[in-house]
Amino acid sequence: MDDQILLFLCGLQSFALAVFHLFFWKILRWKTELAKLGVVNRGVMQIMNVQLIALFIAVGVACFYFGGTLNDGAVGRFFLGAIAAFWGLRLVQQFIFLKQNHWAMHVLSGVFALGAVLFGWACFA
């Protein structure tokens with residue numbers, strides 16, 4: 001696969017996850033669910049989500065606008081490898097912390113595996 005197409009797909013996956021995380025408040029019913037937590041835990045959950053959104057956007061921008069240099073040097077390859085490891089670790093954590101036999105969990109596992117494969121492939125392309 002052409003490197004630019006591969007990095008475009010990496011960026012697309014990152015932006016899609018950013019958009020998905022924007023809807024966490026509604027999808028996960030955080031207005032009522034997070035109200036059950038203490039103020040610190042409630043705040044930490046929301047801060048982590050906002051930070052992940054920012055990270056996913058930054059990764060997407062890097063893939064779209066700096067794709068020509070990401071897999072040309074050591075720093076870019078490290079970046080791509082680190083994001084591949086991020087998604088690989090996220091996939092493992094899916095089975096540790098979210099042991100649910102639900103179609104949505106299976107779809108998410110596929111998305112995480114896809115991220116690990118795409119970014120890993122881009123790293124070694």
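Author: Let us begin with one residue of this predicted model, namely Val 61, which lies in helix α4.

Reader: Why is Val 61 called partly exposed?

Author: The relative accessible area of Val 61 is 30%, and since buried means under 20% and exposed means over 50%, with partly exposed in between, Val 61 is therefore called partly exposed.

Reader: Which residues form the nonpolar patch on the surface?

Author: Val 61 belongs to it, together with Phe 8, Leu 12, Ile 57, Phe 64, Tyr 65 and Phe 66, and these residues have about 680 Å² of accessible area together. The elements that give two or more residues to the nonpolar patch are α1 and α4, and α4 gives the most, with four residues.

Reader: What is the volume of the largest pocket, and which residues are the closest to its centre?

Author: The volume of the largest pocket is about 980 Å³, and of the 30 residues that line this pocket, His 21, Phe 24, Leu 28, Arg 90 and Leu 98 are the closest to its centre. Two or more residues of the lining come from each of α1, α2, α3, α4, α6 and α7, and the largest share, seven residues, comes from α6.

Reader: How do you know which classes of residue make up the lining of the largest pocket?

Author: Each residue is placed by its type: Phe and Leu, for example, count as nonpolar, whereas Arg counts as charged. Sorted by class, the lining of the largest pocket has 22 nonpolar, five polar and three charged residues.

Note on methods: Residues are numbered from 1 along each chain as its sequence is written. This is a predicted model: local features need pLDDT of at least 70, side-chain atom pairs count only at pLDDT 80 or more; totals for chains, interfaces and linings use all residues. Side-chain values use heavy atoms; hydrogens and water are left out. On a 1 Å grid over the protein atoms alone, a cavity is a set of points where a 1.4 Å probe fits but cannot get out, and a pocket is an open set with protein on both sides within 12 Å along at least five of seven lines; lining residues have an atom within 4 Å of a point. Grid points are joined across faces, edges and corners, and a volume is the space filled by probe spheres set on the points. Patches are made of residues with over 30% relative accessible area and no salt bridge: like charges are joined within 9 Å, nonpolar side chains (Val, Leu, Ile, Met, Phe, Trp, Tyr) within 5 Å. Accessible areas come from the Shrake-Rupley method with a 1.4 Å probe; for residues, only the protein chains shown count as cover. A salt bridge is a side-chain nitrogen of Lys or Arg within 4 Å of a carboxyl oxygen of Asp or Glu. Buried means under 20% relative accessible area, exposed over 50%, partly exposed in between (1.4 Å probe, protein chains only).
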